[in-house]
Amino acid sequence: MKQDQTMNQNSTFPIKLSELDLLRDEAASYLKSIQWEQGARAKQRDKEAKDESILLYLSRANQGSSAAEITSVSKTILALKKRLLPDSVALPIYLNQTLYAVQEGLTLGIWIKDSYYDASGLSSLNENKSALDTNGKREFESKMHTATAFMLFAKAYKILHDLKPHASDDLSVMQQKFAGIPEVSFLSPTKGVACSLFYYDKYLGHPDIIKSDKDVIDFTVVYFEALIAEIQLRKSSLEYTETIEDRTYKLEQSEFAIAGWNNVFQGAAKSVEFNKVKFEQIVGNRDAKHFARRLTERLLSYDFTAKKNPFQELGGFMPVFMGYGIPGTGKSMLIAAIATKLKEHCDVLDIPFLFHPMPDTLISTFQGGSAEKMVEWMKPMQDPSKLIFAPIDDAENNLQERTAQGVSAGVKEVIGVFLRYTEGAYAVNYGNSSIGMFTNLPEMLDKAVLSRVQGRFKIDGARTSNDFLDQDHLWWNKIDNTMPDFVNMKGPEAYTYLQEQGLAKDMGAILQEITKPTEARVHEVYDKVEKDFGTHEHLFYANLYKEIQAVFPFFSSRDVRNIQSAISLRLTDFNLEEDWFETPEVYFKQDYTTKFNMLQDLMRANMKGLDFSEIRRQEVVRYLDNVATIADTDFKRKVDARVNQLHIETKARQAFENER
């Protein structure tokens, strides 16, 4: 049926609506009537349980008969309508949505099965089944199992795509009622569909499962999530999966696509509530606020149709960044301010936004549990349909240096998943999501994790007398608003409150004072190399990196790439025009090519008057100082801990001698 299809450069096949139309009657026939005989293991499930057990109910689905039972999902849905809404003439909307979604899922699953038959050679094996030798029969059976599994996966995946937006936010009650799927058959497509629909139908018929028409949607989501989970557990035993994993199937006139066994619904997340904070409420932190502003502008430039961000092409996007500083300097406020700014713009532009902080309960005491939770947290960031800000507060708790003494297996699992999903086969970033690590102790972070950071800034809080003046003003002004004239103190004569808390025009205004490294070891290497080469020479940086590597052995090519990313960020360090925000049609609602060309024009205008060698020097110095600070702080912390222990031992000996 689809043998004339050819893959494009992205290995993407179209799922044609006209071809689905031809399969819809077959899908409807499954809903009208399927026949399934329970396996022996399914019948034995939970035999000693009480009569009201759902598992026992399922195990007795055939009333103890050894014969196959015929069931009908469509009839069960109609029976639910009579039980739940007896006065309704038409099929209620939730029941209708569910029945339609299941039928569409079946239709697409049949299409996927047919496509696999053709691509894998199963069609020809099936046509010559009677003439197959032993090896041929084995290949036929293996491919049949894989075809069935992928068909069931596609069916469930499409059902979840259609119903998840209509399901309840909290499915925990339904998940507690759900007792699992007693058996899943991969023997053949017909048996696979019959088995999955048989238990789905039996659950729908259980009086304790469905209490309202909305429960039908909620249960359907829970059931087919469980079906996908079962397939994912068993997929490693499947053979001949190459023609599944090397391509993407895209439904015409829809955002729906199937890319191998990838499941973006695993760990699908709802946005977390957060306190609203304005950048003006954060005192000091000029570098951090400027970085946060650029982050929001870049995320908002993401194109939902093209599924890419023009700033990625321009070299000004940071999928992973880090903010660090001593406690009490405003890290949590900065997280809230970024989320607030993004949410405000997303509401105006009618863009879906996900605030997705890493949970505090990520580390599990069960082997493999932490990795599973981390995958669940990372998965939503592969969803191209929304803007995603994923902060990790107190990052040193879950991303601690793996070689440190006493680090748990759970932390190692979390780091392993983080590394795979931020650079590697799983690292899919459309330019719509950014992970921000915030920490008081950057020296405690794993070195490999640090190497993934493409943008970093210091969160240093109030630094000037005007900063502290403004910090006090934000406090006592609340009292003054409540009780005027109660705060009877004189204000400054030559300063307007909060005038220095605005956003900087660009990084040049913040970094203009940077001349040479502030860290002694970096300064020494810098001066040594500068004697032989000027900072306007490429050889200066080549030799500087080589000498730095001799002092800091962990410095690598990845660090050089991070420096290059930082320089690229500076080249795109320009403000988006104000009228673009006031009138979104001018920029944000344009097509990708138009946005990209507009940004290029801004970039060219911004680069006039800039000195590339000076920007490069500033960013190299900034990065290397940061490397040294983290390394030296870690060493100093260990020394201080050892000195403190020696002091304790000395005092203990003195106290012991005095008591003798």
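## Aromatic rings and their neighbours

Arg-298 lies over the face of Phe-311, 4.6 Å from the ring centre, where a charge counts as sitting over a ring if NZ of Lys or CZ of Arg is within 6 Å of the ring centre and within 35 degrees of the ring normal. Lys-158 is likewise placed over the face of Phe-256, at 5.7 Å from the ring centre.

This is a predicted model, in which local features need pLDDT of at least 70 and side-chain atom pairs count only at pLDDT 80 or more, while totals for chains, interfaces and linings use all residues. Residues are numbered from 1 along each chain as its sequence is written, and side-chain values use heavy atoms, with hydrogens and water left out.

Rings of Phe, Tyr and Trp (its six-membered ring) pair if their centres lie within 6.5 Å, planes under 30 degrees apart counting as stacked, over 60 as edge-to-face and the rest as tilted.

| Pair | Centre to centre | Between planes |
|---|---|---|
| Phe-178 and Tyr-203 | 5.0 Å | 40° |
| Phe-291 and Phe-321 | 5.3 Å | 45° |

Phe-178, in the loop between helix H9 (172-177) and helix H10 (189-204), is 25 residues apart from Tyr-203 in helix H10; helices (H or I, at least four residues) and strands (E, at least two) are DSSP runs, numbered from the N terminus. Phe-291 in helix H13 (residues 286-300) and Phe-321 in strand S6 (residues 320-324) are 30 residues apart, and their pair links distant parts of the chain. Both Phe-178 and Tyr-203 are buried, meaning under 20% relative accessible area, with exposed over 50% and partly exposed in between (1.4 Å probe, protein chains only); Phe-291 and Phe-321 are buried too.
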